[in-house]
Structure formats: structure tokens, C-alpha cells
Amino acid sequence: MNYERIYKQLIESRKLLNRKKDKSNYYEKHHILPRSLGGSNSEENLVLLTLKEHFVAHLLLIKILKGVFQMMIFG
């Protein structure tokens, strides 16, 4: 399975939604390129995801990185 392709599709599709945080919804900021891998806090590297989408995004990153960066799991 191509986890990187799935991750990119998830991120790009959610970026297109142009979501905004407000009191009527709940979104979490997700770093597209994780900070632990050199990603920044810039708007270009952030996307708003639902709780479930955020969980899936991190699972995909773990699969993509194949355990090399265990700090993403264990802090």
C-alpha cells in the first residue's frame, strides 16, 4: 500500500476545504511536515483536520517513516 500517496491525498483534499476554526466546529492544527523532521509553524505547513483525520494522518506518517522516528509515537 502506498501510504505516502494516501497521506498526500488526505492533506491536499483538506487544504482545498479552506477550513476555519470557530465555535461551531472542532479542528486540530496538523504539521504537514512534522516539526521533528524540520517542519515549521508557517501557514504553508499547517492544515486543519478533524480529530479522526488527525489521528489517521499520524498513523500514515508512522507507516511512511517505518518506525525510524519513534518519537512521533512516544513523544
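# A tour from arginine 14

Select arginine 14 to begin: this residue is partly exposed, with a relative accessible area of 23%. Here buried means under 20% relative accessible area and exposed over 50%, with partly exposed in between (1.4 Å probe, protein chains only).

The model is predicted: local features need pLDDT of at least 70 and side-chain atom pairs pLDDT 80 or more, while totals for chains, interfaces and linings use all residues. Residues count from 1 along each chain as its sequence is written, and side-chain values use heavy atoms, without hydrogens or water.

**Stop 1: the link from arginine 14**

Glutamate 53 belongs to helix H2 and arginine 14 to helix H1, so the pair ties together parts that are 39 residues apart in sequence. Is glutamate 53 buried or exposed? Glutamate 53 is buried, at 11% relative accessible area.

**Stop 2: along helix H1**

Select residues 3-16 to show helix H1. How many salt bridges does the rule count? The total comes to 4.

Pick glutamate 4 and lysine 8. Their side chains meet in a salt bridge, 3.4 Å from N to O. Both residues lie in helix H1, 4 residues apart, which is about one turn of the helix. Glutamate 4 is partly exposed, with a relative accessible area of 40%.

Move on to glutamate 12 and lysine 15. These side chains also meet in a salt bridge, with 3.6 Å from N to O. The two sit in helix H1, 3 residues apart, about one turn of the helix. Glutamate 12 is partly exposed at 42%, and lysine 15 is partly exposed at 37%.

**Stop 3**

Switch to a cartoon view. Along the sequence they follow the pattern α-β-β-α-α.

Select residues 28-31 for strand S1, which pairs with S2 in the antiparallel sense over 4 bridges; pairing takes at least two DSSP bridges. Click histidine 31. Which residue in S2 is its bridge partner? The partner is leucine 46.

Now show the side chains of S2, residues 46-49. Leu46 and Leu48 point one way, Val47 and Leu49 the other way. All four are buried. Across the chain of 75 residues, buried residues make up 31%.

**Stop 4: the largest pocket**

Stay with S2. This strand gives 3 residues to the lining of the largest pocket, the largest share. Helix H1 and S2 each supply at least two lining residues. Select Arg14, Lys15, Asn18, Arg19, Lys20, Lys21, Lys29, Glu43, Leu46, Val47 and Leu48 to see the lining. A pocket is an open set of points on a 1 Å grid over the protein atoms where a 1.4 Å probe fits, with protein on both sides within 12 Å along at least five of seven lines; lining residues have an atom within 4 Å of a point.

**Stop 5: helix H2**

Finish with residues 51-65, helix H2, where valine 56 is found. Valine 56 is partly exposed, with a relative accessible area of 32%. Back at glutamate 53, also in helix H2, the side chain is buried.
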